[in-house]
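The reader may wish to keep the structure in view while following the residues named in the text.

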Amino acid sequence: MRNSIIASACLLSFIVLFNQCKSSLESQGSTQTTGTANKKGLKDYYRNYFSIGVAVTPRLRGEEAALVLQHFNSLTAENAMKMGPIHPQENRYFWNDADSIVDFAQRHGLKMRGHTLTWHTQTPGWLFKDSASNTNVSKEVLLKRLKDHITTVVNRYKGKVYAWDVVNEVIADDSATYFRKSPWYQITGEDFVAKAFEYAHEADPKAILFYNDYNTENPVKREKIYRMLKKMLDAKVPVHGVGLQGHWSVNNPTREELENSIKMFASLGLQVQITELDVSVYGGRQGGQIIQGQAQREAAVFTPEMEQKQLEKYKMIFEVFRKYKKEITGVTFWNISDRYSWLDGRGRKNFPLLFDQTLKPKKAYWEVVNF
Ligand code: G3I
């Protein structure tokens with residue numbers, strides 16, 4: 001009897017000691033980054049305008065984590081929440097990477113944008129195929145798979161993800177084509193778009209639901225996106241916002257094109273967010289896969305000419321964003337700094353963001369915050 005009392009006393013003191021150690025480690029962790037988070041950053045300059053977000057990978061730690069906490073108050077998972085990475089097999093989800101980003105956001109009081117529930121890229125191999133015949137599944141089967149995916153993912157992050165890119169990039173770039181001829185479209189026609197929004201709204205009625213696309217300042221593409229959104233809104237489909245991805249460059253868009261897009265989509269009663277902002281130092285339209293201009297073979301250098309053009313573009317872009325603060329509810333950068341950008345590769349290094357490869361603010365940063 002006496003021994004069992006001693007044993008339970010020892011166990012109790014061990015539990016108390018363990019919890020004290022655990023909470024002090026956690027507080028050190030938050031202290032380590034909190035100190036940096038107290039320095040004024042982008043999110044503070046824009047506190048009275050819109051949230052400032054950034055796309056991140058799961059391995060967010062050290063100086064990059066500190067930079068994120070100083071400058072941003074919203075996160076997007078660059079890849080971890082896409083269908084392929086999070087739902088690799090029909091009966092298996094992989095939550096670790098997405099969970100780690102959501103947990104970081106929760107721990108530090110950051111908002112979380114979900115990206116993206118329905119897209120033609122990074123889809124898992126099983127999605128469109130019947131496993132037995134290896135032929136395309138029927139429309140009914142594909143819509144059921146889409147509903148199961150959206151319901152499962154949105155439910156998991158309910159209350160933690162405030163906004164979802166429900167559908168991404170379904171409008172074709174070429175002027176003669178309306179919808180991109182993806183397997184989604186080939187199997188379901190246009191129906192998958194509205195259904196995706198209905199499934200997401202059913203799973204989380206409080207989430208803000210976005211249609212997300214690039215080259216939204218191209219007048220021809222913009223009109224097609226507008227037509228699709230208006231048709232859904234007229235049919236009472238729960239669409240709440242439009243994401244202008246903002247993969248721009250030193251020579252696009254013009255101020256006029258940008259203002260026209262914001263005004264046009266806001267006229268539908270939709271929130272506008274810039275969801276994937278970067279300003280490539282090379283010319284041409286950076287619309288996801290559309291990279292124009294010559295690939296630079298020589299060692300990439302961020303020249304003074306590039307810097308000047310880039311700071312002028314960022315200055316203009318944020319002048320427009322501030323002008324439309326009533327229509328714009330968020331601006332998210334795609335990647336943290338020039339240390340890594342999705343635009344790197346294709347034979348050249350890019351320098352599209354506000355922080356250089358040593359994580360220091362570039363001249364463009366000061367054009368964005370000095371207003
Ligand atoms: O995770 C695998 C890894 O296991 C494998 O070894 C490696 C080599 O094949 O590939 C890794 O996956 C890559 C993934 O990024 C994670 O790094 C994919 O191949 C690669 O295609 C993928 O690229 C992403 C791209 O979307 C996919 O189209 C970019 O990081 C991401 O920045 C980019 O982001 C998109 C937005 O989601 C939508 N808007 C356009 C934007 C730019 O394309």
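Thr116 lies in strand β3, which covers residues 111-118, and in this predicted model the residue has a relative accessibility of 1%, so Thr116 counts as buried, the cut-off being under 20%. The side chain of Thr116 reaches the backbone oxygen of Asp165 at 2.7 Å. Leaving aside neighbours within four places in sequence, Thr116 is in contact with Met81, Lys82 and Met83, and also with Asp165, Val166, Val167 and Asn168. The peptide bond that leads from His115 into Thr116 is cis, with omega near -10°.

A cis peptide bond is also found from Asn252 to Pro253, where omega is near 0°; Pro253 has its place in the loop between β7 (247-249) and α10 (255-266).

| Side chain | Ligand atom | Distance |
|---|---|---|
| Lys82 | oxygen | 2.6 Å |
| Trp334 | oxygen | 2.9 Å |
| Gln245 | nitrogen | 3.1 Å |

Taken alone, the ligand exposes 790 Å², and the protein buries 50% of that area. Lys82, whose side chain is 2.6 Å from a ligand oxygen, is also one of the residues in contact with Thr116, while Met81 is in contact with both Thr116 and Trp164.

In soluble globular proteins, nonpolar side chains tend to be buried together.

Glu169 lies in the loop between β4 (163-168) and α7 (183-188), and because its relative accessibility is 4%, Glu169 counts as buried. Asn215 is found in the loop between β5 (208-213) and α9 (219-234), and with a relative accessible area of 8% Asn215 is likewise buried.

Towards the end of the chain, Val369 is found in helix α12 (residues 363-369) and is buried, with a relative accessible area of 3%. Not counting residues up to four places away in sequence, Val369 touches Leu42 and Tyr45. The C-alpha atom of Val369 is separated by 8.9 Å from that of Phe318, although the two residues are 51 residues apart along the chain.

For the protein as a whole, there are 12 helices and 11 strands, and buried residues make up 51% of the 371 residues. Among contacts with a separation of 6 or more, 77% are between residues 24 or more positions apart. The accessible surface comes to about 16700 Å², of which 54% belongs to carbon and sulfur atoms.

Key
Residues are numbered from 1 along each chain as its sequence is written. This is a predicted model: local features need pLDDT of at least 70, side-chain atom pairs count only at pLDDT 80 or more; totals for chains, interfaces and linings use all residues. Side-chain values use heavy atoms; hydrogens and water are left out. A polar contact is a pair of N or O atoms within 3.5 Å; within protein, one must be able to donate a hydrogen and the other to accept it, and residues adjacent in sequence count only if both atoms are side-chain atoms. Accessible areas come from the Shrake-Rupley method with a 1.4 Å probe; for residues, only the protein chains shown count as cover. Contact means heavy atoms within 4.5 Å. Helices (H or I, at least four residues) and strands (E, at least two) are DSSP runs, numbered from the N terminus. Buried means under 20% relative accessible area, exposed over 50%, partly exposed in between (1.4 Å probe, protein chains only).
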